[in-house]
Amino acid sequence: MSALRSRLRRVPLHAAAGATIVVCLFPVYWMVATAFRPNRDIQSADPRLLPRTWTLDHFRTAVGTDGFGVFWRNSVLVTLGAVLLALVVALGASYAVARMRWRGRRAFVLMVFIAQMAPWEALIIPIYIISRDTGMLDRLPTLTLIYFMMTLPFTIVVLRGFIAAIPAELEEAAQVDGCTRAGAFRHIAFPLLAPGLMATSLFGYITAWNEFTYANFLIIKHQDSRTLPVWLSSFQNVFGTDWGATMAASTLFALPALAVFLLLQRHVTTGFAAGAVKG
């Protein structure tokens with residue numbers, strides 16, 4: 001009887017969870033379904049959940065758009081560069097904050113949190129002026145550095161929590177056995193940081209991969225230096241929006257992020273939870 005009551009009490013929770021999943025996933029489903037619908041069915045007065053007929057014409061249009069391969073390459077280079085830079089710099093900074101005692105350490109941590117809370121949209125004009133005066137407009141390295149700065153504070157915070165959760169005695173024992181401080185970290189602490197590295201990599205990847213404002217604002221003259229989010233806006237013209245091609249392009253754009261998430265999802269929950277509450 002008690003088991004039945006317990007199950008009945010969970011019904012509203014399960015119903016709420018199911019409704020939340022449907023609300024969150026339905027736009028994604030509609031995007032993918034629209035990508036496979038013929039043009040005559042997209043704006044039909046009687047839309048259906050499943051397309052009446054299926055077509056790949058919209059994907060051919062998206063892939064055949066001028067610059068698709070170039071923009072794809074630019075997004076990959078910028079995203080990977082920003083994520084790798086953030087991991088390397090944050091690994092050293094988080095280790096220094098978690099393991100060492102030095103003057104200004106608390107102020108440094110406070111500044112990291114402030115940087116994490118800062119709205120990056122408010123910095124567009126200062127960054128544009130600096131990029132213009134230093135000759136860095138219309139260049140992919142500029143976007144890489146901006147995305148690196150966006151993801152760095154979060155990466156430091158999460159990795160700091162992971163390093164602080166690893167007993168320092170393990171590294172000290174390795175140093176007693178002859179390892180240097182760097183060797184002890186590489187052989188003892190670094191392998192234990194895999195969940196944190198995966199979680200921060202996913203966050204950095206999604207942030208850099210999806211960013212539109214800076215990519216559209218700082219790449220003005222050199223169209224070949226633009227990224228995929230800007231490429232998506234190319235399906236809107238004076239005749240309106242090609243919704244089929246736009247949805248097909250959006251589906252292609254979302255596939256890499258989905259693949260990365262599926263590869264890293266086992267470590268994501270552990271990474272975010274451990275990095276957020278420890279240290």
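Helices are DSSP runs of H or I with at least four residues, numbered from the N terminus. The model is predicted: local features need pLDDT of at least 70, side-chain atom pairs count only at pLDDT 80 or more, and totals for chains, interfaces and linings use all residues. Residues are numbered from 1 along each chain as its sequence is written, and side-chain values use heavy atoms, with hydrogens and water left out.

Asn74 is found in helix α4. Buried stands for under 20% relative accessible area, exposed for over 50%, and partly exposed for the range in between (1.4 Å probe, protein chains only). Asn74 is buried, at a relative accessible area of 0%. Its side chain reaches the backbone oxygen of Asp224 at 2.6 Å. This falls under the term polar contact, a pair of N or O atoms within 3.5 Å; within protein, one must be able to donate a hydrogen and the other to accept it, and residues adjacent in sequence count only if both atoms are side-chain atoms. Contact in general is scored for heavy atoms within 4.5 Å. Leaving aside residues up to four places away in sequence, Asn74 touches Leu140, Asp224, Ser225, Arg226 and Thr227.

Thr227 sits in the loop between α11 and α12. Its relative accessibility is 4%, and Thr227 therefore counts as buried. Beyond residues up to four places away in sequence, Thr227 touches Phe71, Asn74, Ser75, Leu143 and Ala215. Phe190 lies elsewhere: Thr227 and Phe190 are 37 residues apart in sequence and 33 Å apart in space, C-alpha to C-alpha. The loop between α11 (213-218) and α12 (228-232) also holds Lys221. With 69% relative accessibility, Lys221 counts as exposed. Lys221 and Leu137 are 84 residues apart in sequence, yet their C-alpha atoms are 8.7 Å apart in space.

Asp138 belongs to the loop between α6 (124-133) and α7. Asp138 is buried, with a relative accessible area of 9%. Its phi is near 60°, a positive value in a residue other than glycine.

The expected span of a helix is 1.5 Å times one less than its number of residues. A kink of about 35° lies at Thr151, shortly before the proline Pro153. The bend at a residue is the angle between axes fitted to the seven residues ending there and the seven starting there. Helix α7 is mostly covered, with 20 of its 26 residues buried.

Helix α5 (residues 105-117) has 13 residues and should span 18 Å at 1.5 Å a residue; its end C-alpha atoms are 19 Å apart, which agrees. Arg105, Val109 and Val112 are buried in α5. They cover an arc of only 55° around the axis, and so lie on the same side of α5. The arc is taken over the directions from the helix axis to the C-beta atoms. What covers the buried residues of α5 includes α4 (68-99) and α7. The face turned away from the buried side carries the exposed residues Arg106, Leu110, Met111 and Met117.

Charge pairing was examined next. Side chains of opposite charge can pair when their charged atoms come close. A salt bridge requires a side-chain nitrogen of Lys or Arg within 4 Å of a carboxyl oxygen of Asp or Glu. A search of the whole structure finds 3 salt bridges.

One of the salt bridges joins the side chains of Arg60 and Asp57, at 2.7 Å from N to O. Both residues lie in helix α3 (residues 57-63), 3 residues apart, about one turn of the helix. Arg60 is exposed, with a relative accessible area of 54%. Asp57 counts as partly exposed, at 44% relative accessibility.

Another salt bridge links Glu171 with Arg99, the closest N and O atoms being 2.9 Å apart. Glu171 lies in helix α8 (residues 168-176) and Arg99 in helix α4, so the pair ties together parts that are 72 residues apart in sequence. Glu171 and Arg99 are both buried.

The side chains of Asp133 and Arg132 also meet in a salt bridge, at 3.2 Å from N to O. Asp133 counts as exposed, at 56% relative accessibility. Arg132, at 46%, counts as partly exposed.

Key. Helices (H or I, at least four residues) and strands (E, at least two) are DSSP runs, numbered from the N terminus.
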